[in-house]
Amino acid sequence: MFRHVVLGLLHSGSPQHGYAVMREYRVRVGTQVRTGNFYRELRRLDADGLVAIAKRRDEDDIRRAPYEITPEGRAIFRDWFIETTQLDLSRGHEDEFAYRVAFLSEVDPADARMVLDHAQEQLWARAKSLERTRATLLRAGGPADRLPVLPLTISRQIRRVAAEIAFLDDLRATYETWLTARQQVSRARVVRPKRSSGG
């Protein structure tokens with residue numbers, strides 16, 4: 001998964017040197033990565049043909065190689081982004097879903113919506129399953145002298161899923177608002193005012 005995140009960081013298209021990509025990783029993902037691990041991964045991606053060292057400009061620091069994503073790298077990144085069979089929403093900010101959220105602004109809106117739809121379906125299915133299990137346990141009852149820990153633990157899981165569903169609702173609304181604003185800005189740039197032909 002780490003390699004896909006690195007590819008995503010180069011997905012915008014402008015070449016970046018390794019340190020800038022690593023800094024962007026911290027900003028987007030919220031975790032630290034060792035410098036050696038990061039540069040090792042860039043070298044592997046380069047060897048696999050998924051990134052390439054871009055041509056340096058005259059003003060660029062010769063000690064820093066600018067990397068850019070290749071068409072093959074873009075294809076690999078997209079395949080990972082839309083692959084939802086491994087989409088795990090259970091590990092907080094370091095789960096598969098959180099890594100995809102970091103790139104919502106770079107991917108095609110149809111791909112972004114598909115991943116969000118899948119996450120929502122997965123959460124609703126989990127919530128229903130937990131509710132059924134809790135209801136079954138409560139109906140079955142248990143000895144009066146035993147604390148009903150399992151139904152309470154399941155209730156805790158249900159609350160966590162409800163919080164994830166609320167987060168996803170907020171994320172979807174924010175994404176759609178952002179997307180609309182971005183489209184309006186793009187249209188405004190295309191429509192330029194005509195110059196008056198004064199004499």
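User: In this predicted model, is phenylalanine 38 buried or exposed?

Analyst: The relative accessible area computed for phenylalanine 38 is 0%. A residue counts as buried under 20%, so phenylalanine 38 is buried.

User: Which class, buried or partly exposed, applies to tyrosine 25?

Analyst: Tyrosine 25 has a relative accessible area of 6%. Because the limit for burial is under 20%, tyrosine 25 is classed as buried.

User: What is the geometry of the ring pair formed by tyrosine 25 and phenylalanine 38?

Analyst: The two ring centres lie 6.1 Å apart, and the planes of tyrosine 25 and phenylalanine 38 meet at 70 degrees. Plane angles over 60 degrees define one class, so this pair is edge-to-face.

User: How many residues apart are tyrosine 25 and phenylalanine 38?

Analyst: Tyrosine 25 belongs to helix 2, while phenylalanine 38 belongs to helix 3, residues 35-47. Their pair links distant parts of the chain, and the separation is 13 residues.

User: How many aromatic pairs does the model contain?

Analyst: Ring centres must lie within 6.5 Å to pair. Under this criterion the count is eight.

User: What is the arrangement of the rings of phenylalanine 2 and tyrosine 25?

Analyst: The ring centres of phenylalanine 2 and tyrosine 25 are separated by 5.6 Å. Their planes stand at 85 degrees, so the arrangement is edge-to-face.

User: Which residue lies over the face of tryptophan 80?

Analyst: Tryptophan 80 is in a cluster linked by ring pairs, together with Phe77, Phe81 and Phe103. At 4.4 Å from the ring centre, the residue over its face is arginine 100.

Note on methods:
Residues numbered from 1 in each chain as written. Predicted model: local features only at pLDDT ≥ 70, side-chain atom pairs only at ≥ 80, totals over all residues. Heavy atoms only, no water. Phe/Tyr/Trp six-rings, centres within 6.5 Å; stacked < 30°, edge-to-face > 60°. Buried < 20%, exposed > 50% of the residue type's maximum accessible area, 1.4 Å probe, protein only. Helix = DSSP H or I, 4+ residues; strand = E, 2+ residues; numbered from the N terminus. Lys NZ or Arg CZ within 6 Å of the ring centre and 35° of its normal.
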